[in-house]
Amino acid sequence: MSPRRSVVETGRTRAAIVARGVAVASVEGLEGLTIGRLAADLGMSKSGLLGHFGSKEALQLEVVDAAAAIFTREVADRATGTAPGLPRLRALCAAWVSYLEREVFPGGCFFIAAAAEFDDRAGPVRDAVAGLTALWERDLRIHVRLAVAAGDLPAGTDPDQVVFELGGVLMALNYGLRLRRDPGAPARARRALDQLIGTGPTVAARAGRAAPAARPPAA
């Protein structure tokens, strides 16, 4: 085998290990990524699989990176082309709901599961999950601020509060789909998002719309 072919085959094997690792981790958690389990699934020796990464933690970190690339492709990239601000925010949230509804990961949202698994554990894996989550929230916050500046969200809107509530809606959707197997959960999530960031007239316009005047009592 030529050196070039050897490098290509090594890359393919590594990619297959990571892809299987993502699927297993989304259902059983990152701690479910045992070398023995993956080796058996892929028909490899334990030493052969371990040789690609050196440690379980290194494998976990690469799986997290691969999951982030999938999330980017299935959520962030689907909003590409929409205008910054409220249109982009709405598009990102629509893609976010769709990503859960389509079961992109077999175990639901990879990062909600990983956050629950590693929130109280110090170390590189927790840092990686927390860092990627912070980057996603930063991007959402940017578009909330742009929406406020454009007058599409009310002046005084707290971007941190909006992002907090967006995350809450999507966590509730993940719970509804995965634990309760509720087919109505996506529709409820979309209604909640509509109330939070709107899908029709601008939120600012709706917030400033005067309530209809009460009719005087009949004489």
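This dialogue goes through several features of a predicted model.

Reader: How many helices and strands does the protein chain have?

Author: The protein chain has 10 helices and zero strands. Along the sequence the pattern reads α-α-α-α-α-α-α-α-α-α.

Reader: What share of the residues in the protein chain is buried?

Author: Of the 219 residues in the protein chain, 36% are buried. The protein chain exposes about 12,000 Å², and carbon and sulfur atoms supply 57% of that area.

Reader: What share of the contacts with a separation of 6 or more comes from residues 24 or more positions apart?

Author: Such residues account for 65% of those contacts in the protein chain.

Reader: Which residues of helix 5 are buried?

Author: The buried residues are L86, L89, A91, L92, C93, A95, W96, V97, S98, Y99 and L100.

Reader: What covers the buried residues of helix 5?

Author: The cover includes helix 4 (56-74), helix 6 (110-118) and helix 7 (124-149). Helix 8 (159-178) and helix 9 (185-197) are also part of that cover.

Reader: What follows helix 5, and what is its phi?

Author: A general point comes before the answer. Most residues other than glycine have a negative phi, and most peptide bonds are trans. Helix 5 is followed by E103, whose phi is positive, near 55°. E103 is not a glycine. This residue lies in the loop between helix 5 and helix 6, and E103 is partly exposed because its relative accessible area is 48%.

Reader: Where is R181 found, and what is its phi?

Author: R181 is found in the loop between helix 8 and helix 9. Its phi is near 50°, a positive value in a residue other than glycine. At 55% relative accessibility, R181 counts as exposed.

Reader: How many disulfides does the structure hold?

Author: A disulfide is a covalent bond between the sulfur atoms of two cysteines. The structure holds zero disulfides. As for cysteines, C93 is buried, with a relative accessible area of 1%, and C109 is buried too, with 6%.

Reader: How many aromatic pairs are there?

Author: A pair of aromatic rings is described by the distance of the centres and the angle of the planes. The count here comes to seven aromatic pairs. One of them joins Y99 and F105, and this pair is edge-to-face: 6.0 Å centre to centre, with 85° between the planes. Y99 counts as buried because its relative accessibility is 2%. F105 counts as buried, also at 2% relative accessibility. F110 and F111 form an edge-to-face pair as well, at 5.2 Å centre to centre and 70° between the planes. F110 and F111 are both buried.

Reader: Which residues do ring pairs link into a cluster?

Author: The cluster consists of F71, W96, Y99, F105, F110, F111 and W136. Among them, W96 and Y99 are buried residues of helix 5.

Reader: Which residue lies over the face of F118?

Author: That residue is R121, which lies at 4.9 Å from the ring centre of F118.

Definitions and conventions
Residues are numbered from 1 along each chain as its sequence is written. This is a predicted model: local features need pLDDT of at least 70, side-chain atom pairs count only at pLDDT 80 or more; totals for chains, interfaces and linings use all residues. Side-chain values use heavy atoms; hydrogens and water are left out. Buried means under 20% relative accessible area, exposed over 50%, partly exposed in between (1.4 Å probe, protein chains only). Helices (H or I, at least four residues) and strands (E, at least two) are DSSP runs, numbered from the N terminus. Contact means heavy atoms within 4.5 Å. A disulfide is a pair of cysteine sulfur atoms within 2.5 Å. Rings of Phe, Tyr and Trp (its six-membered ring) pair if their centres lie within 6.5 Å; planes under 30 degrees apart count as stacked, over 60 as edge-to-face and the rest as tilted. A charge sits over a ring if NZ of Lys or CZ of Arg is within 6 Å of the ring centre and within 35 degrees of the ring normal. Accessible areas come from the Shrake-Rupley method with a 1.4 Å probe; for residues, only the protein chains shown count as cover.
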